[in-house]
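Reader: I want to learn how to read charged pairs in a model. Can you walk me through it?

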Amino acid sequence: MRLTIIAVGRARDADEARIVARYLARMRPKPELIEIDGRKSRDAMDEWRQIEARIPSGAARVLLDERGRDLPSPKLAARLGQWRDDGRDIACLIGGAYGFPDAARQSADLILAFGQATWPHMMVRAMLAEQLYRAQEILAGKPYHHG
């Protein structure tokens, strides 16, 4: 299973980038992080076209959006594990300032929220990286998650 994170924007803050890098480095295999330059995007569809062009063919699509489902870590791990067991790659998608258009939502296998609050995109990356690492540890039966 290949895990890809596709995010609009570039990590400019070294502290936030270090958090993401720390969790991704712990994972095996290490997920690929693809950054999309959204500075020239005119709207949500323009950003979406750039993201969609980078999604691996056949990958399960997980959109990060505050209007999505707020899943407990074990349930997220179970969903990721199911896709892994089905032989699917997984693409986690973080939109830009315009959010996701309806076309993106309709193509999603899961729309995931980290609560109803709106989070800065770089914080979402850090939270996503931690949750992906936590899911991997849960699925492996390791003691990282004590819930």
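Author: Start with one pair. In this predicted model, Arg105 and Asp65 form a salt bridge, with their closest N and O atoms 2.7 Å apart. Arg105 sits in helix H4 (residues 102-107) and Asp65 in strand S3 (residues 60-69), so the pair ties together parts that are 40 residues apart in sequence.

Reader: What is the general idea behind such a pair?

Author: Side chains of opposite charge can pair when their charged atoms come close.

Reader: Are Arg105 and Asp65 buried or exposed?

Author: Take the cut-off first: buried means under 20% relative accessible area. Arg105 has 19%, so Arg105 counts as buried. Asp65 has 8%, so Asp65 counts as buried too.

Reader: How many salt bridges does the structure hold?

Author: Eleven. One of them joins the side chains of Glu35 and Arg125, at 2.6 Å from N to O. This pair links distant parts of the chain. Glu35 is in strand S2 (residues 32-36), Arg125 is in helix H5 (residues 121-139), and they are 90 residues apart.

Reader: What is the accessibility of Glu35 and of Arg125?

Author: Glu35 is partly exposed, at 25% relative accessible area. Arg125 is buried, at 4%.

Reader: Which residues are linked in a network of salt bridges?

Author: Arg10, Glu35 and Arg125.

Reader: Now a pair within a helix. How far apart are Glu130 and Arg134 in helix H5?

Author: Four residues, so about one helical turn separates them. Their side chains meet in a salt bridge, 2.8 Å from N to O. Both Glu130 and Arg134 are buried.

Note on methods
Residues are numbered from 1 along each chain as its sequence is written. This is a predicted model: local features need pLDDT of at least 70, side-chain atom pairs count only at pLDDT 80 or more; totals for chains, interfaces and linings use all residues. Side-chain values use heavy atoms; hydrogens and water are left out. A salt bridge is a side-chain nitrogen of Lys or Arg within 4 Å of a carboxyl oxygen of Asp or Glu. Helices (H or I, at least four residues) and strands (E, at least two) are DSSP runs, numbered from the N terminus. Buried means under 20% relative accessible area, exposed over 50%, partly exposed in between (1.4 Å probe, protein chains only).
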